[in-house]
Each structure stands twice: as structure tokens, then as C-alpha cells.
Amino acid sequence: MLAPVILAASRSDKMRRFVSAAPGTKQVVARFIAGESVNDVVPIVQDLAARGLEVTLDVVGEDITTVEQSYAARDAYLELIGRLKDLGLGARAEMSVKLSMFGQSLENGHELALANVRPVVAAAAEIGTTVTLDAEDHTTLDSMFAIHEELRKDFPQTGCVIQAYLFRTEDDARRLAAAGSRVRIVKGAYKEPASVAIQDKPEIDKAYVRIVKILMDGEGYPMIGSHDPRLISISQELARRAGRKLDEYEFQMLYGIRSEEQNRLAAEGHRMRVYTAYGTDWYGYFMRRLAEKPANLLFFVRSILTKG
């Protein structure tokens, strides 16, 4: 299978240099990355909002190595929030953050990441929006969940992400499916060992459905992160069985993928949120998108061959 190879390459500096220099890369990256700066992404947020879509914004760049870089990540989000405030877009756009970008993997990283993310969450609350903590590889999750719990003491709307392919996730979902919680469920996009994660795709799909049911039957706010038509349909049915109204859960999809389906769901009255990434350090995010769907990789290869 190609996905494990691509995910391994996402951690390779040699592959990073090769992919970045490839002649077709810029064209393909533009399909998934909304731009490099706040100025690039603001018109996209405005366009999506005008079409009845909501947004979660991710400043890409989780592979940091210094405390100074973690401060820069914090400041990039604060700049973003300032622009959203000036444009009156706080109600339509939330933020997604990876705690590794805020210093989680550095020395005393748990405390550093909490200290960096707290002012971002506070600033988001001031403009009427919130922050969701993205899930990363399994070694980071205990720290992420602890930070999530701490932030919710003052900012109960803070969300988090769980990944269906991890064996632990059904228990996490039961714990998180409480009143006031916001939980995004995704399949998972990191290379994880068989000791902690399901490796078979059909079994991952079955786990995804079980977890969606837990969330729909709970008292929190489920966020269904999927492009899979079958899983979307099943999620709608589980929401109906749980007696949920259309504003009591939402769908989330990536910028650049299945745009027509995003518009369709929004037109039907569903809350549809577009995960929109931007920034200069796009490599890790981009490679995970290639790993998720072989068609993305084929599109990339064709672009290189055409431009080369």
C-alpha cells in the first residue's frame, strides 16, 4: 500500500526538498492550501461564508524545533484572529491548532504548549468563535486531552479531535460525549503501529460508525470529518435516530475536496465547515492529503510529468 510510504516520506527532510523543488508541486499544493498568508486566506473565507459555508482555519507548520518558533505560531494565530475581528467574520470561522506547533514536543513542551495556546483560545472567545485542538500521532494525545480539559475550565466551547483508527478512541468518545463538548471525528492520517491502531480500512470504517453513534447518542456536539458519501449518509441517519436537529451537529471537509458536496449539504440546511489550511510550511499537511486518497497522488505525479 502507498499510504504508509507517503506518511513515512512526510517526515523525511530529503523528500521535503525533492517535493518542494518538483515543477508540478505548486499547482497541486494550491488545491489543498489556501495560500501562504492571512491576506491570501481572507478572501477565501469571505467567499465560503457568502456561499453559506463555515470555516475552520489551520496555520500549517507543526514541525518546529525551537521555543521561538512556538511563539511565532502563537502570534500567527493571534494575527489571524485580529483580521477576522476586523472583517466581522468571527461567527463564521473558528481555528484548528496542532499543539506540536505550539511547542508540545520541546523540553517542558506540555506546559509551553498550554501557555501558548491559551491566549489564542481567549482571543478567539473575544470575537465570538473558538478553537479545536487537532489530534496528532498517538504519543501526543494524553497531553492534548489534558490541555483540552484545562482550557475548557475557562473556555468550555474548546473542541478536540479523535481518530477512528486508534483502539483507544471509543473510550475517549464515551468520555467526551458530554454536555457542552465539541468533538470532531476523523479516520486518522498518521502512520501508526498495529499495536495502537487498526490497519484494515473496512475495520476503520466500522469503528468510525461506532464512534459517530456514541457521539450522536451523547450530549455533546459532534463534528463529522469525512468525505466518504457512505459515512456521511450513515451519520445523517444516526443523527436522525438520536433525535438531533440540523444545528446540533455539523459536517467538516477539507478545502479543495468535494466542493460540490459541501455546497449540497449546506443547501440542505446542514452546518458545513471547510477545513482551510494556509501558510508556508505546508509539506507535512500536503503529504498526509496525498496519503489519504490515491487519486491525489496520481494528480500530483501527472502534474510533475506535465511540468517537467
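Predicted model: local features only at pLDDT ≥ 70, side-chain atom pairs only at ≥ 80, totals over all residues.
Colleague: Let's start simple: how many helices and strands does the secondary structure of the chain come to?

Modeller: The chain has 308 residues, and buried ones make up 54% of them. As for its secondary structure, the count comes to 13 helices and 8 strands.

Colleague: What kind of aromatic pair do Tyr77 and Phe102 form?

Modeller: Both of these residues are buried. Their rings are 5.7 Å centre to centre, with 35° between the planes. Planes under 30 degrees apart would count as stacked and over 60 as edge-to-face, so the rest, this pair included, are called tilted.

Colleague: And how many residues apart in sequence are the parts that this pair ties together?

Modeller: Look at where each partner lies: Tyr77 is in helix H5, while Phe102 is in the loop between E2 and H6. The pair therefore ties together parts whose separation in sequence is 25 residues.

Colleague: What about the rings of Tyr249 and Phe251: edge-to-face or stacked?

Modeller: Tyr249 counts as buried at 3% relative accessibility, and Phe251 does too at 1%. Their ring centres are 5.8 Å apart. The planes meet at 80°, so the pair is edge-to-face.

Colleague: Over to H6: what span is expected for this helix at 1.5 Å a residue?

Modeller: Helix H6 runs over residues 109-126, which is 18 residues. From its first C-alpha to its last, H6 reaches 26 Å, and that is close to the expected 26 Å.

Colleague: Which helices and strands do the buried residues of H6 pack against?

Modeller: The buried residues of H6 include Leu112, Val117, Val120 and Ala124. One of them, Val120, is also in contact with Tyr77. The partners of the buried residues of H6 are helix H5, strand E2, strand E3 and helix H7.

Colleague: Last one: which ring does the charged end of Arg175 sit over?

Modeller: The charged end of Arg175 is 4.9 Å from the centre of that ring. The ring belongs to Phe145.

Key
Residues numbered from 1 in each chain as written. Heavy atoms only, no water. Contact = heavy atoms within 4.5 Å. Helix = DSSP H or I, 4+ residues; strand = E, 2+ residues; numbered from the N terminus. Expected span 1.5 Å × (residues − 1). Buried < 20%, exposed > 50% of the residue type's maximum accessible area, 1.4 Å probe, protein only. Phe/Tyr/Trp six-rings, centres within 6.5 Å; stacked < 30°, edge-to-face > 60°. Lys NZ or Arg CZ within 6 Å of the ring centre and 35° of its normal. Lists of a residue's contacts leave out its neighbours within four places in sequence.
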